[in-house]
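Subject: Structure handover

Hello,

Here is the structure I promised you. Please open it next to this email and follow along.

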Amino acid sequence: MEFQTFYESPFVLKFSFEKLIRKMEAEASESTEYALSHQRILDKTKKFPELTNGITDLEFFDRNEALMKDLLKDLFPPMLTENEIKAIGFPFYNFYFNPTKRFQNILKNAGENFDMFIKGLDPHRFYVMSCCIILRNYYNVPLNLSMPFIFDIPNSEGIINHYRFLNNVDFIDVSPLENYKTLSEEEISELLDNFEDYELWKEKFPPESWELKGFAVVNFFDATTEIAVSNLKTKLINMEDDDNLKPELNNVFRSIFQVADLEVGFTAINHEENKFVKSPINGVIDSYILFSNSAECDNGLLCEKNFNSMVDSRRFFSISDVERTYREFPDSQVAKHLYDTGVKSAIFAPIVKNKKVLGVIELVSKKKMLNSINANKMEIVMPYLEDTVDRLYDGIETRIQAIIQREYTSIHPSVYWKFRQEAERHIGFYREEFDLPYRKITFENLTPLFGQTDIRNSSVSRNLAIKKDLEINLMLISDIFKALGSDNDLTAINRKLIQFQKLLAKELRADTESQVQHFIHNEVHPFLESVKLQNVNYNQLVTDYHRQLDPKTELVYQFRKKFDDSLSSINKKLADILDKRQEEQQKRFPFYYERFKTDGVEHNMYIGSSIEPDLTYDPVFLKNLRLWQLRVICETELKYHRYKESLDYSLDVSSLILVYNTPISIRFRMDEKRFDVDGSYNARYEMIKKRIDKSLIKNSDERITQPGKISIIYSQDKEREDYLKLIKILQNQNVLSAIEELEVEDLQGINGLRALRVAVNYEAQDVDYEFVEGI
């Protein structure tokens with residue numbers, strides 16, 4: 001059997017002990033202490049010329065095992081064979097001879113199918129490292145080849161242990177063969193600058209063009225903890241992007257603690273309520289303290305040892321025998337949970353950063369392998385865990401702030417630069433004074449655009465839903481009063497019940513809802529509870545009544561729930577369309593955008609050069625934004641028309657656009673944390689917005705806004721002409737149809753408004769958002 005290499009190599013291998021034999025001969029002639037023993041071995045070696053000429057058949061070692069052990073006795077002292085991990089081999093080659101007993105046991109525990117292979121050694125790296133041996137030993141190039149080569153070797157329980165190895169090459173010679181290439185200094189310099197050029201190395205060192213003669217003493221060192229900690233750091237850095245993080249973290253900690261079934265968990269702490277709670281981190285790592293179906297549990301940790309003192313001292317808390325602990329403290333939720341899940345031992349380590357407890361790292365095992373002694377190994381990894389959990393919480397906080405900003409107190413991206421500029425000035429970013437007073441943030445000479453898609457008659461629909469629920473609630477009460485019969489005095493309360501039923505038969509007044517709710521909560525329900533206490537026969541009757549009520553309001557909540565859910569669903573649907581489409585439109589020219597959910601969705605937009613001073617503003621951007629606004633309102637109408645059939649509560653919508661050509665200014669109000677128009681002159685625009693919503697057609701009782709139609713309110717002929725062109729574009733696309741020209745009734749302080757009301761073609765397909773020139 002011949003030598004097998006990992007990959008293609010520049011070497012022809014010749015296993016030889018010539019240098020060792022020559023060294024022994026020299027020592028035998030100089031030292032009387034070793035002369036006899038060395039001479040005896042040397043006499044035996046003379047019978048085997050292949051020991052010096054080169055061994056090519058690996059079976060030689062099996063046939064002459066006793067001789068080889070004698071020859072290598074000085075390098076492999078028998079007294080150290082149980083401790084050292086050592087063997088004879090070649091650099092980077094998968095062949096080992098004369099292993100120590102400890103090395104033999106390691107390989108035996110790894111299993112018959114395990115193949116020794118250097119971690120990270122690919123064909124390219126193997127070939128170049130082999131060439132580097134030639135450069136160092138033959139060309140005398142000062143190269144340091146002591147790289148951290150690692151073997152990952154499993155033990156009998158499947159735990160991966162990591163071994164670093166070093167080669168002693170004192171007994172190796174490198175010599176050229178006939179097909180080698182002599183290298184100049186320039187070629188060597190080129191190689192030194194081109195580690196990654198695989199083909200260049202193969203050109204300068206052709207395969208099998210050099211002889212590697214001799215042997216190496218390979219020493220292995222158990223670096224499991226060191227490598228596992230290094231692997232842990234790598235995993236923690238990429239924690240959020242690694243889908244396999246949980247099993248990989250388990251493997252790392254199993255290597256550190258040498259516990260085959262060890263599992264890693266994490267539980268956060270809510271300090272305000274003194275509870276363990278789940279956190280977003282549990283999406284990556286499980287919690288073993290919390291129950292699988294629970295988001296929290298009391299912080300009464302396991303036994304008499306005080307959890308707070310553990311946190312304050314930043315020490316680790318271990319349970320070497322969960323069963324014994326549960327017997328001692330049967331009232332502990334956590335001890336019971338661990339016992340029920342089969343955990344036999346556990347270690348808990350508080351994550352403390354900047355004197356703040358972020359949570360608890362949990363190590364659990366279904367064997368009694370974890371205790372206060374090996375808990376000290378956590379000291380090695382805690383700094384990395386603390387930094388990682390702190391980083392994750394920072395990321396969570398950033399996401400929370402982003403959600404708050406996006407959903408609640410948004411600063412639109414189009415004007416974000418202005419706020420950032422002012423914040424940088426305030427902190428001295430421009431080398432001005434620190435803590436300067438905040439200046440007003442205003443944007444001048446902007447053209448406003450306003451639009452809304454309103455839920456038609458939402459107040460009427462809401463009142464009708466409330467009325468139906470209250471009627472059902474009183475009917476249920478009436479039924480239960482009848483069932484109570486003559487056993488109870490119901491005269492007074494029944495009289496009130498009938499009065500409220502008559503009241504609901506009329507149109508709902510502003511205070512009717514609160515009166516009926518007060519009667520139910522403060523008179524009917526206490527009465528029913530007293531009936532239950534007096535006669536247990538009525539328990540089921542009262543219980544059945546309460547089951548028909550909403551648990552939060554303790555009232556019937558059927559029609560209102562359908563209305564509220566439908567309204568919320570409509571608002572979300574319409575808002576999502578607006579938000580998505582405005583992001584696309586921002587790419588043409590930035591504009592300030594905000595939208596509000598009420599009974600429907602309304603939006604404000606402002607466009608002008610002050611929004612983005614670095615870009616050239618052209619009036620065509622305003623025209624296209626107006627066309628975009630008309631298109632997006634058409635899209636909301638079309639999509640809602642198809643969507644409303646799926647709603648539990650049928651509602652209609654009507655849409656409106658306000659055209660306002662006079663430029664205005666907007667200012668950010670620091671006290672209200674929002675933009676508003678700046679100055680009394682500009683306030684006229686806001687006043688018009690508020691009053692046109694429910695305005696009528698002049699000299700009629702008909703609302704300007706109607707379902708199935710888009711009303712465009714304007715005041716100037718130029719605005720009318722501009723919008724007729726925009727409507728014509730959408731008529732050509734079969735999205736809009738007939739146009740009505742109307743006058744708006746005179747409003748308080750507002751006269752002369754007119755309207756274009758155009759019908760939406762609900763048979764149309766999707767709206768085309770293509771940019772239009774020359775409009």
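What is the strand order of the open sheet of three strands? The order is E1-E7-E6, with mixed pairing. (Strands, E, are DSSP runs of at least two residues, helices, H or I, are runs of at least four, and both are numbered from the N terminus. Two strands pair if DSSP finds at least two bridges between them.)

Before more detail, a word on the source. This is a predicted model, where local features need pLDDT of at least 70, side-chain atom pairs count only at pLDDT 80 or more, and totals for chains, interfaces and linings use all residues. Residues are numbered from 1 along each chain as its sequence is written, and side-chain values use heavy atoms, with hydrogens and water left out.

Strands E1 (11-15) and E6 (172-176) stand at the edges. Each has a single partner strand, so one side of each lacks a neighbour in the sheet. Neighbouring strands are turned by 20° against each other on average, direction ignored. (Axes are lines fitted to C-alpha atoms, for helices over the stretch in contact; angles run from 0 to 180 degrees between N-to-C directions.) E6 pairs with E7 (residues 210-214) in the antiparallel sense, over five bridges. Look for aspartate 173: it stands opposite lysine 213 in E7.

**Strand E14**

Now go to E14 (residues 356-365). Nine of its 10 residues are buried, so the rest of the structure largely encloses this strand. (Buried means under 20% relative accessible area, exposed over 50%, partly exposed in between, with a 1.4 Å probe and protein chains only.) E9 (residues 263-270) runs antiparallel to E14, joined by six bridges. E13 (residues 345-353) is also antiparallel to E14, with nine bridges. Find leucine 363 in E14. Valine 264 has leucine 363 as its bridge partner, and isoleucine 347 stands opposite leucine 363 too. The hairpin of E13 and E14 has two residues between the strands, and asparagine 354 there takes a positive phi near 55°.

**Two helices**

The axes of H17 (residues 458-484) and H19 (residues 512-534) come within 12 Å and cross at roughly 25°. That makes H17 roughly parallel to H19. (Roughly parallel is under 35 degrees, roughly antiparallel over 145, roughly perpendicular 65 to 115, and the rest oblique.) The contact (heavy atoms within 4.5 Å) includes Leu470 and Phe481 of H17 and Phe519 and Leu528 of H19.

Best wishes
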